[in-house]
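The sequence and the structure come first.

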Amino acid sequence: PCFSPNISSKRLVDEDFLDEGNDNKSANLIQPGGKDKHKSIMWRFFGKIGFDFVSAGVTYVNQQLDVVVDSVIGRTMASTGFVSFTDLPSVCYAASAPLCHQPEMLQTSLSPEPRDIIWKNIQGNINLVKQREDAANFFLALGAILWSIPLTAIQALATAESLSRVPFMSWLSTSSNLRLTAFINGYLPVVALLTLIMILPIIFEWVAVNYENRKTYSDVQNSILNRYFYYQLANIFITVTAGSIWDSLNDLLYSPYSAFVILGRSLPTVVGYFVSFLATKTLAGLPMVLLRLGPLGKMLFYRLCLRESKLTQRELDEAIYRKEGIMYGWEYPTQLLVVVICFTYACISPVILIFGAIYFQGALVVYKKQLLHVYTATYESGGLMFTSVVDR
């Protein structure tokens with residue numbers, strides 16, 4: 001596609017560089033050291049005192065205002081286009097060679113696959129998309145840094161005492177069932193935290209598609225991969241490892257010279273949590289991947305509420321037997337998080353490598369089955385996410 005961020009939908013300028021009716025084309029050219037005879041004396045005087053520089057600045061500001069106005073009221077003409085070629089060398093030349101004398105006036109690249117394109121975002125201005133990406137990255141990074149705030153709120157609110165303040169849950173305050181209270185206090189914060197983590201990819205996808213106006217599905221999944229991975233790191237390492245360091249902070253203040261000894265005693269205690277974490281992902285997470293609760297619930301709903309004989313083949317294909325594509329932004333960060341945990345604590349407590357190997361052995365069987373029999377490629381991105389995975 002060709003991106004021209006400086007072309008506004010409100011102004012379309014046609015420049016005619018070839019004058020077929022004039023045989024003497026060099027007559028209109030300005031020779032070195034000569035004067036532009038087509039301009040008046042007053043215009044040449046203003047050019048000498050810098051008026052042309054001011055005029056160019058006003059023109060640039062007007063272009064940027066057109067971009068902002070188009071982003072608010074919508075565009076009537078897109079600055080993104082597709083050009084088809086009949087031979088491969090022309091494609092290589094157009095994609096690699098500069099096509100305009102002004103930098104970034106006309107940006108070209110190889111076109112993505114048609115199935116990969118989000119057509120409703122194709123007319124978005126590339127400069128506005130970059131500005132929104134920077135703004136979204138800033139606020140999401142700030143949210144990752146302040147991730148401990150929602151975690152603390154969950155720990156404080158997801159308790160039996162807090163639930164008893166809800167009008168229809170007031171019976172919990174007078175309940176004498178200690179097992180129920182202990183069950184709520186033990187599992188409700190975990191369920192609330194897992195629910196929050198599970199809806200994060202949905203939030204990231206909405207931001208990428210509706211706010212940033214990314215143009216391809218592969219780019220959306222790549223952004224979800226990076227952001228979800230960092231939020232998982234913030235959830236695991238900031239809350240667990242930082243908590244262990246915070247508990248030892250008092251000892252560090254009194255004896256800073258023995259900091260490494262204190263950290264050597266406190267950090268290995270966290271390995272028990274990560275061993276339990278890997279065991280839970282192996283025994284509960286991988287079976288959840290096999291079950292695919294979303295499509296399973298949808299299929300049960302249609303089978304229980306509707307008669308299959310009354311549905312057309314198209315309705316069956318779209319509702320029950322619809323092809324499922326792999327969600328890279330959901331699946332990759334989970335595997336990368338296990339790799340990071342194993343590599344981080346392998347030198348502190350090598351026993352974690354055993355649980356990591358067991359997890360990946362199970363993941364190999366599960367995902368091989370899913371890729372061969374369940375997942376269907378909905379688009380081809382040419383290995384776009386390979387570099388993102390390797391960089392992690």
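In this predicted model, Tyr-217 has a relative accessibility of 39% and therefore counts as partly exposed. Its ring pairs with that of Tyr-379, which is buried at a relative accessible area of 12%. A search of the whole structure finds 8 aromatic pairs.

**The Tyr-217 and Tyr-379 pair**
- The ring centres of Tyr-217 and Tyr-379 are 6.4 Å apart and the planes meet at 25°, so the pair is stacked.

**Other ring contacts**
- Phe-138 and Phe-139 form an edge-to-face pair, because their planes are at 75°, with the ring centres 5.3 Å apart.
- Trp-147, Phe-204 and Tyr-231 are joined into a cluster by ring pairs.
- Arg-132 places its charged end over the ring of Tyr-211, at 5.3 Å from the ring centre.

**Nonpolar surface patch**
- A nonpolar patch on the surface consists of Phe-138, Phe-139, Leu-142, Ile-145, Leu-146 and Ile-149, which together have about 640 Å² of accessible area.
- Helix H4 (residues 126-145) supplies the largest share of the patch, 4 residues.
- Phe-138 and Phe-139 are both exposed.
- Leu-142 lies in helix H4 and counts as partly exposed because its relative accessibility is 38%.

Definitions and conventions
Residues numbered from 1 in each chain as written. Predicted model: local features only at pLDDT ≥ 70, side-chain atom pairs only at ≥ 80, totals over all residues. Heavy atoms only, no water. Patch = residues over 30% accessible without salt bridge, like charges linked within 9 Å, V, L, I, M, F, W, Y side chains within 5 Å. Areas by Shrake-Rupley, 256 points an atom, 1.4 Å probe, with all protein chains shown as cover. Salt bridge = Lys/Arg side-chain N within 4 Å of Asp/Glu carboxyl O. Helix = DSSP H or I, 4+ residues; strand = E, 2+ residues; numbered from the N terminus. Buried < 20%, exposed > 50% of the residue type's maximum accessible area, 1.4 Å probe, protein only. Phe/Tyr/Trp six-rings, centres within 6.5 Å; stacked < 30°, edge-to-face > 60°. Lys NZ or Arg CZ within 6 Å of the ring centre and 35° of its normal.
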